[in-house]
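Please read it with the structure open.

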Amino acid sequence: MNFFAHLFLPRRSNNYRSKLLHHHILLFFIITLFAGSFLFVQVKRNYPQILGISSDITSEKLLILVNKKRLENGVTPLKFDESLSSAAEKKAEHMFSNDYWAHISPDGTTPWFFIQNSGYEYVYAGENLAKGFSSAEEAVDAWMKSEQHKENLLSSSYQDVGFSVMIGELAGEETVLIVQELGGRDSSLAQSPAGFEILSPTIPASVQAATSVKPYINSMFLSSNIYSGILGLFILVLVLDMWMVQKHKILRISGHNMDHVLFFITFLLAGLLIARGVVI
Amino acid sequence: MIVKTKHTGHYFSLLLILGLGLIGLKIAYPNRILEMEIIILTAILYVVWGIVHHHQNHSLNSKIVVEYVLIAALGLAALLFFISGAFGI
């Protein structure tokens with residue numbers, strides 16, 4: 001108990017400044033975090049089966065969520081299509097191998113090229129892309145918030161859909177990429193949504209297996225927890241230290257804890273802003 | 001009263017620096033390099049703000065400068081750790 005009081009509260013044993021706020025302890029944390037960053041990258045590169053990004057996003061979850069949105073908006077649910085799914089997978093592979101993040105590749109390859117090559121004969125076709133999302137719900141919500149993507153998701157011109165969820169590197173950054181290819185073979189096939197309900201979609205096991213390769217430790221989860229844990233710990237210590245100093249009217253020469261608390265809160269928010277996913 | 005007004009002005013400027021940093025991040029997204037530049041600039045401005053603030057309060061000394069530098073460096077090191085884990089960069 002005394003040890004924790006020594007770490008967290010200003011008292012005689014720590015010269016009336018929480019031990020965790022002493023310069024050499026701060027320096028220890030800084031050096032450990034820098035070394036940890038280096039180690040993190042090395043382990044991820046050399047042992048991706050142990051430490052890497054993993055995702056619980058599956059084609060099945062995406063299909064259920066998309067169809068839920070369509071039903072809520074009075075549109076016929078989409079059917080899972082293996083050809084469109086294969087087109088989505090080829091598109092995702094093409095993006096990773098050519099290192100681009102766009103509907104049309106730098107060499108001019110359009111989404112329709114992948115859809116046609118998959119054998120799907122479309123009258124209408126569309127594509128939605130998303131990257132960096134940690135859940136299917138977040139990705140579908142982001143599509144629904146963007147007018148263009150929402151229009152695609154809710155269009156009655158489409159009857160079929162295929163997804164690919166792939167992990168890889170874009171612009172030197174490891175990310176989870178979601179490709180959604182939408183297709184309509186015949187506009188006269190568009191049906192009334194009445195009578196449809198969300199059922200567990202039947203998706204071939206081969207498609208599901210391709211989206212569920214998992215390392216032992218999810219590095220995104222681990223690093224974000226350590227990040228918020230460390231900043232949270234220092235915010236707590238600073239607030240406790242500030243409270244005790246005011247309560248006991250301790251006079252000392254140091255920076256203002258309130259400044260540091262505001263700074264760390266800003267960095268916590270910065271982490272949230274940096275980690276959010278993006279759709280195009 | 002004068003002291004209070006001075007503090008209010010100082011804290012307003014600190015909130016402005018930190019708030020602009022967050023707005024900058026929102027605008028820069030998803031340009032990772034620009035995001036990093038904005039984060040580093042925000043941390044540097046925080047240290048400068050701390051020095052100016054304590055100088056004007058006549059409480060500036062080397063220990064306080066080191067404290068602001070260490071706090072800024074801790075924030076940056078933690079964010080670097082997060083980015084390394086999350087994106088492998």
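Is strand β3 (residues 124-131) of chain A mostly covered or mostly uncovered, and how many of its eight residues are buried?

1. This is a predicted model, and the points below should be read that way.

2. Mostly covered is the answer for β3(A). Seven of the eight residues in this strand are buried.

3. β3(A) pairs with strand β5 (residues 173-184) of chain A. The sense is antiparallel, and the pairing runs over eight bridges. One point to check on screen is A:A125, whose bridge partner in β5(A) is A:G183.

4. β3(A) is also joined to strand β7 (residues 278-279) of chain A. Here there are two bridges, and the strands again run antiparallel. In β7(A), A:V279 stands opposite A:A130.

5. Now the helix pair between chains. Helix α10 (residues 257-275) of chain A meets helix α3 (residues 62-87) of chain B, with the axes coming within 10 Å. They cross at roughly 20°. That angle is under 35 degrees, so α10(A) and α3(B) count as roughly parallel. The crossing is right-handed.

6. Which residues make this contact? From α10(A) come A:H260, A:F263, A:F264, A:F267, A:A270, A:G271, A:I274 and A:A275. From α3(B) come B:I71, B:G75, B:A78, B:L79, B:F82, B:I83 and B:A86. By class, the contact of α10(A) with α3(B) has 12 nonpolar residues and three polar ones. No charged residue takes part in it.

Conventions:
Residues numbered from 1 in each chain as written. Chains lettered and ligands numbered in written order. Predicted model: local features only at pLDDT ≥ 70, side-chain atom pairs only at ≥ 80, totals over all residues. Axes fitted to C-alpha atoms, helices over the stretch in contact; angles between N-to-C directions. Helix = DSSP H or I, 4+ residues; strand = E, 2+ residues; numbered from the N terminus. Parallel < 35°, antiparallel > 145°, perpendicular 65-115°, else oblique. Left-handed = near helix turned anticlockwise from the far one by under 90°. Contact = placed C-beta atoms within 7 Å. Nonpolar A, V, L, I, M, F, W, Y, C, P; charged D, E, K, R; others polar. Buried ≥ 20, exposed ≤ 12 C-beta atoms within 10 Å, placed from the backbone. Pairing = 2+ DSSP bridges.
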